[in-house]
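Please consult the sequence and the three-dimensional structure shown here before reading the report.

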Amino acid sequence: MKTSLRSRWMRLSILIIIGSFIMFSAFLIYATSLYLKDLQYRALDRSTVELKAMYETTAFNTINEREIYSNLYDNQRFVLYTNSGEEVYRWPSKDMSFNIPREQIIHPDIYSVDFEDMSYLVQTVKIDSEYWNGYIAVIHPMNEYYTILQMIIIIATIIGFMSISITLVISYFMAGQMVRPIYRFTRQLQYVENNGFSERLDLKTNLEEIDYMVLSFNNMMDTLEESFNQQKQFVEDASHELRTPLQIVQGHLNLINRWGKNDKAVLEESLQISIDEMGRITKLIEELLELTKNENEKTNIIEQINLNEEIISRVNAMKQLHPTYTFTLDLDQAIFYPISQYQFEQILVIFLDNAVKYDYINKSIHIKSKLMSNKIKIEISDKGVGIPKEDVNKVFDRFYRVDKSRSRELGGNGLGLSIAKKIIESNDGNVYLESKINEGTTIHIEFPLK
């Protein structure tokens, strides 16, 4: 069963107050009862000692009632016994409401007894002097002790009830003050839920935790909105990129259906174009899958590789594919870095292939590696057509092409640089480029030293 924060806060605070008050009251009553009882024993003992001293030093028949009364406190009573336990005198003389058993008289001690629903402390002592041989007993009433104790319990109960009532009221208002920002936060969350990613929480409180939640939520919504927009753009771009080759294939299939059956030239041309476009579609899908894999999976690094050896190996392979190009190397000492060999080869292939595609006049590619004090740097430079200044920061975006018509002729889908960037960043690296129109482009790859 769901309950509100206010209800839980009130229940918890009341339970804490009740538990604390019961423990404190029990301790207070217990300590007070011990103290009061000690006072009763002291009063009884003081009277007994004084009466004993008087009967040991004064003749029995010379002691009057005033002297006995002056040695008694708090409505105490007195009884004088012979050596055999027979009663000789009592004070007050008319009070016959209590009788002490002989066994208690002849065995001096302090006893707790009840007379007529009243509790008393009785102390008997033996007197053995030239003035009197026998016993005396002092009876001390406990009614004052129980009256005070009962009053304390009643007062504690009243105070407890008042405290709980006041606590209930205070907790109600305090709980309201504490959960009010959360209520406001919840209502704004519902508003955001109903109105989409574009809305943000606009809530300022004096509570550090709530303000941090609001800030974190807004940051999360910014990230989600950015991801949503990127995904939307990704789907739109992918749909657009797939639509064109599919339309071309469909057009040529229709052409074959109409005239190609009887015209061999039309048939061969349309089939070749359809095959080429299907190849573009296949490559595009493979690059999309590769990009998705790089975003959602982090490769487990199993060993450090020699980056210079991999650069030399890839350059030699490119020389075989492009014998008319000049590849120059300026490599530092052996450089090792923990990265998947396949991923590093993929990075090199993407950037070298781009350099070859767009440097189709000078055909000169320069690769440089350098081990610095805190990082590893790799540069791949060409003397190609270059990139306009306004497009430099966009070339790593998915499907982005500086010259779309030229890129399409060269077979590019606009995903290679995005894939390379994702691989580099997933391995704690960084990539950026510098370029000038008709002067060339330099790719800068950096990895931190580990």
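The report below treats selected helices, strands and a loop residue in turn.

## Basis of the report

This is a predicted model, in which local features need pLDDT of at least 70 and side-chain atom pairs count only at pLDDT 80 or more, while totals for chains, interfaces and linings use all residues. Residues are numbered from 1 along each chain as its sequence is written, and side-chain values use heavy atoms, with hydrogens and water left out.

Helices (H or I, at least four residues) and strands (E, at least two) are DSSP runs, numbered from the N terminus.

## Helix H7

Helix H7 comprises 15 residues, 307–321. At 1.5 Å a residue, counted over one less than the number of residues, H7 should span 21 Å, and its end C-alpha atoms, 21 Å apart, agree with this. Asn306 caps the N-terminal end, where a side-chain oxygen lies 3.1 Å from the backbone nitrogen of Asn308.

Leu307, Asn308, Glu310, Ile311, Val315 and Met318 of H7 are buried, that is, under 20% relative accessible area with a 1.4 Å probe and protein chains only. They cover an arc of only 155 degrees around the axis and therefore lie on the same side of H7; the arc is that of the directions from the helix axis to the C-beta atoms. The face turned away from this buried side carries Glu309 and Gln320, which are exposed (over 50%). The partners against which the buried residues pack include helix H8 (341–358) and strand S9 (364–371).

Two strands pair if DSSP finds at least two bridges between them; S4 (118–128) and S5 (133–141) are joined in the antiparallel sense by nine bridges. Asp128 stands opposite Asn133 in S5.

Met142 lies in the loop between S5 and helix H4 (143–195), and its 4% relative accessibility is why it counts as buried. Beyond its neighbours within four places in sequence, Met142 is in contact (heavy atoms within 4.5 Å) with Gln40, Ser119, Tyr120 and Leu121. Met142 and Gln40 are 102 residues apart in sequence, yet 7.6 Å apart in space, C-alpha to C-alpha.

## Strand S12

Eight of the nine residues of S12 (440–448) are buried, so the strand is largely enclosed by the rest of the structure. S12 runs antiparallel to S10, with eight bridges, and Lys375 stands opposite Pro448 in S12. Seven bridges join S12 to S11 (430–436), again antiparallel, and Tyr432 stands opposite His444.

Key:
Polar contact = N/O pair within 3.5 Å; in protein donor to acceptor, adjacent residues only side chain to side chain.
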